[in-house]
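Please open the structure in your viewer and keep the selection panel at hand.

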Number of protein chains: 2
Amino acid sequence: MSATNTEVTCDVREVLDRIGDRWTLPVIVELFQGPRRFRQLERGVEGISQRMLTLTLRKMERDGLVERTVYPTVPAQVEYELTPTGRSLSEVLQALAGWAAEHREVVIASRARWREQHPDTRS
Amino acid sequence: MSATNTEVTCDVREVLDRIGDRWTLPVIVELFQGPRRFRQLERGVEGISQRMLTLTLRKMERDGLVERTVYPTVPAQVEYELTPTGRSLSEVLQALAGWAAEHREVVIASRARWREQHPDTRS
DNA sequence: CAGAATCCTTAGTGATACTG
DNA sequence: CAGTATCACTAAGGATTCTG
C-alpha cells in the first residue's frame, strides 16, 4: 500500500461507517437506477421498514450522498437522488461486487471445509 | 451497472458482512504487512480486545482470508497470514481508501452544512 | 503465549401507532 | 404521501477471569 497503514485503515473505516450498516447499500443500488420517491424506495428496497428508510436517507443526505427535493404538492412529494459523490461511490462499490463475484466459490468452499473440520461450532 | 441490482446488492452485502464489522479491516491492514503472531496483532491493532481479536481471526479463517499456523513450541506459537484471497481483497480495499481520500473534504463539508441547517438533531 | 468462558452494556434494528 | 414517536429486542462488542 502506498499510504500508511493508519491512513488506509481510517480512510476505509470512514467508508465502512458510512455504508457498512444494514440498509445504505441497498438504497444506493436502488437510487443508482435513478431518482426515487419515498414510497418507491420503500417498495423497491425489499424488507426495509419505514423507520429505517428514513434514518438511512437522513444519514446519506447528511453525508452528501443523496439530495432531497420537496415538491410543494398536496400531498407532499419528495424525491431522492444520488449526488455526484454518491454516484462515484456507487462505482467504487462495483469493484467490491466484482471481487465478491470472483471469489464467492472460494469463500463458500472455505466455509464448507471449516464446517467439516469444526462440527462443534455454530458458525 | 452491468449485473442486476439484486446481484450487485447481494455481492456487495456479502463483502460487507465479511469486512463491515469493527475489527476485520484493521486486522487485514496489519496482516498486509506480513505474517503476525497473536500477541503481535493484539499490540498492532490499536484498541482491539483479546476476545475480539480471536473472534475476528476465526471468522477470517473460516472465510479463507487468513491462514493459521501452529508451531508446536512451548509455549505455543501461532502465526496468522493473509491467504491469496485475503491479499486480493486488500487490494480492492485500496480502491475504497482512494475514494475516501478523494471525497473526504466533500463529506466533511456536507456534514458541517447539515449541522448548520439542523442545529436540533444530534448527528 | 494463545486462547476460552462468562457477564454485561449499548447501538442498531424492527414493530407499531400516530400525523401534517 | 412522507414522515415522527415509542417501545422492545437482539446481537455486537467490551471487561474480566481463567487455562493448556
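Begin by selecting Arg18(A) and Glu14(A), which form a salt bridge whose closest N and O atoms are 4.0 Å apart. The model on display is a predicted one. Both residues belong to helix H1 of chain A, residues 5–19, and they are separated by 4 residues, about one turn of the helix. An α-helix has 3.6 residues a turn, so residues three or four places apart point the same way. Are the two partners buried or exposed? Arg18(A) counts as buried, because its relative accessibility is 6%, under the 20% limit for that class. Glu14(A), with a relative accessible area of 27%, is partly exposed.

Next, select Asp21(A) and Lys59(A). Their salt bridge brings the closest N and O atoms to 3.3 Å. This pair links distant parts of the chain, 38 residues apart: Asp21(A) is in the loop between H1 and helix H2 (24–32) of chain A, and Lys59(A) is in helix H4 of chain A. Asp21(A) is partly exposed at a relative accessible area of 26%, and Lys59(A) is likewise partly exposed, at 24%.

Now display both protein chains and select Arg104(A) with Glu14(B), whose side chains meet in a salt bridge of 3.1 Å, N to O. Here the pair crosses between chains, running from helix H5 of chain A (residues 84–117), which holds Arg104(A), to helix H1 of chain B (residues 5–19), which holds Glu14(B). Arg104(A) is partly exposed, with a relative accessible area of 25%. Glu14(B) also counts as partly exposed, at 26% relative accessibility.

Over all chains, a search of the whole structure finds 22 salt bridges.

Move to chain B and select helix H2, residues 24–32. Why can this helix be described as largely enclosed by the rest of the structure? The description holds because 9 of its 9 residues are buried. Among them are Thr24(B), Pro26(B), Glu30(B) and Phe32(B). Following H2(B), select Gly34(B), whose phi is positive, near 145 degrees.

Finally, select DNA strand D and the 18 residues around it; Arg39(A), Gln50(A), Arg68(A), Tyr80(A) and Arg22(B) come nearest. Colouring this surface by class gives 7 nonpolar, 3 polar and 8 charged residues. Which elements each supply at least two residues of the surface near DNA strand D? They are helix H3 (38–44), helix H4 (50–62) and strand S3 (77–82) of chain A, together with helix H4 (50–62) of chain B. The largest share, 4 residues, comes from H4(A).

Individual contacts to the strand can then be picked out:

- Arg37(A): a polar side-chain atom lies 3.0 Å from a phosphate oxygen of DNA strand D.
- Arg58(A): a polar side-chain atom is placed 3.0 Å from a phosphate oxygen of DNA strand D.
- Arg51(B): an N or O atom of the side chain is 3.0 Å from a base nitrogen of DNA strand D.

Methods. Residues are numbered from 1 along each chain as its sequence is written. Chains are lettered from A and ligands numbered from 1 in the order in which they are written. This is a predicted model: local features need pLDDT of at least 70, side-chain atom pairs count only at pLDDT 80 or more; totals for chains, interfaces and linings use all residues. Side-chain values use heavy atoms; hydrogens and water are left out. A residue is near a molecule or strand if one of its heavy atoms lies within 4 Å of it. A polar contact is a pair of N or O atoms within 3.5 Å; within protein, one must be able to donate a hydrogen and the other to accept it, and residues adjacent in sequence count only if both atoms are side-chain atoms. Ala, Val, Leu, Ile, Met, Phe, Trp, Tyr, Cys and Pro count as nonpolar, Asp, Glu, Lys and Arg as charged, and the others, Gly among them, as polar. Buried means under 20% relative accessible area, exposed over 50%, partly exposed in between (1.4 Å probe, protein chains only).
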